[in-house]
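Good morning, everyone. Please take a moment with the sequence and the model before I start.

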Amino acid sequence: MRARRLIPLALVAGVATIVAAAAGLAGSGSGDAATKTYKVGLVSDVGRFNDRSFNQSALEGLRRAQRTLGIQGRAVESRQTSDYIPNLSSLARQRYDVTISVGFLLAEATNTVATRFRNSKFAIIDYSVKAPPFKSNRNVQGLTFATNENSYMIGCLAALMANRAGAKNISAVGGIKLPTVDIFIAGYRAGARRCVPGTTVQIGYSQDFVAQDKCKEIALNQIAQGSKVVFQVAGGCGLGALDAAKERRVWGVGVDRDQRFLGRHILTSAVKRVDQSVYLTAKAVKEGKFRGGTDAVFNLKNNGVAIGRTDSRVPRAFTRRMNALRPLIISGRIKPPKKL
């Protein structure tokens with residue numbers, strides 16, 4: 001009788017062991033998927049991550065993703081244009097879940113590497129994947145910005161401040177003459193002329209995003225010709241333009257990041273939420289929502305572009321005039337130009 005009772009008990013114990021083992025394997029598999037560490041790479045342009053503008057903002061977005069999403073991030077700096085392809089390729093070979101190129105200067109390199117590594121995901125800031133050299137790269141997403149919108153508002157404010165100072169004259173210093181630079185300036189000029197008809201908008205290009213002396217020289221010449229507000233659209237080079245504004249005691253307008261920290265000569269800044277674009281791209285990859293072959297657009301409506309802090313000496317009537325443009329732009333009643 002006792003032996004007969006032991007047999008069923010042994011069978012029950014064996015079945016229980018098998019079930020437990022199966023459950024452990026199932027739990028282990030799902031746990032691995034749930035705890036996967038996603039890797040996000042970031043490759044700078046030649047302006048590098050200490051430009052206090054475009055590249056630095058991208059790095060801040062990566063660091064935010066590391067803190068809040070738990071991703072593994074790696075930022076690779078490019079010292080010269082010949083570094084672009086090796087830097088991008090290195091991250092792709094290391095099987096990063098997405099590699100983000102910081103800026104339009106990396107377009108050719110990103111296209112080349114994305115074509116070579118078709119199983120890897122890439123994103124490029126400030127460039128549309130619907131434009132050449134991209135053709136059928138379903139593994140690349142463009143991160144684009146409607147910076148003509150916030151620049152339109154700032155152009156209005158700049159013209160009002162210049163007129164208050166006794167001259168309908170403002171200016172912009174661009175880096176390399178590219179669509180992503182001109183879109184800022186086009187909005188700026190149009191907004192200025194809407195709020196103060198007859199405003200002169202001087203435009204100059206340094207053909208450089210790094211050398212501050214080049215931008216400073218252009219800005220000094222513009223100020224000598226009557227400019228009361230200098231808008232820099234040249235990354236690290238543009239810091240020289242803002243320095244010229246400080247020296248000559250006129251207003252400067254920052255770009256990409258809120259550059260109010262540079263001093264009381266900064267009227268405001270045309271903020272491009274590059275940090276937000278990097279963060280949201282990392283989040284999309286982690287959530288399985290990355291959409292290659294498309295452009296993500298950041299604008300006033302989704303807070304992808306914004307106005308930085310405005311100096312407290314600006315008359316409230318001027319600030320109200322500028323802010324009144326926002327709903328008109330979002331609704332489409334005002335359509336700031338994208339080209340000069």
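**A loop, a helix pair and some rings**

Let's start with Pro197, which lies in the loop between H6 and strand S7 (200-205). Helices (H or I, at least four residues) and strands (E, at least two) are DSSP runs, numbered from the N terminus. This is a predicted model: local features need pLDDT of at least 70, side-chain atom pairs count only at pLDDT 80 or more, and totals for chains, interfaces and linings use all residues. Residues are numbered from 1 along each chain as its sequence is written, and side-chain values use heavy atoms, with hydrogens and water left out.

Is Pro197 buried or exposed? Its relative accessibility is 53%, so Pro197 counts as exposed. The cut-offs: buried means under 20% relative accessible area, exposed over 50%, partly exposed in between, with a 1.4 Å probe and protein chains only. From Pro197 to Lys168 is 29 residues in sequence and 8.7 Å in space, C-alpha to C-alpha.

Now the helices. H5 (residues 147-164) packs against H6 (residues 179-195) at about 40°, and their axes are 6 Å apart. Axes are lines fitted to C-alpha atoms, for helices over the stretch in contact, and angles run from 0 to 180 degrees between N-to-C directions. H5 and H6 are therefore oblique to each other. Under 35 degrees would be roughly parallel, over 145 roughly antiparallel, 65 to 115 roughly perpendicular; the rest is oblique.

Which residues of H5 and H6 meet? Among them are Ser151, Tyr152 and Leu160 in H5, and Phe184, Tyr188 and Arg194 in H6. Contact means heavy atoms within 4.5 Å.

Next, rings. The whole structure holds 5 aromatic pairs. Rings of Phe, Tyr and Trp (its six-membered ring) pair if their centres lie within 6.5 Å; planes under 30 degrees apart are stacked, over 60 edge-to-face, the rest tilted. Phe184 and Phe231 have ring centres 6.2 Å apart and planes at 75°, so this pair is edge-to-face. Phe184 sits in helix H6 and Phe231 in strand S8 (residues 229-233), so the pair ties together parts 47 residues apart in sequence. Both Phe184 and Phe231 are buried. With Tyr188, Phe184 and Phe231 form one aromatic cluster.

Last stop: Gln222, in helix H7 (residues 212-224). Gln222 has a relative accessible area of 4%, so Gln222 is buried. What does Gln222 contact, leaving aside its neighbours within four places in sequence? The list includes Ser171, Val173, Gln202 and Val230. Gln202 is 20 residues from Gln222 along the chain, with 6.8 Å between their C-alpha atoms.

Thank you.
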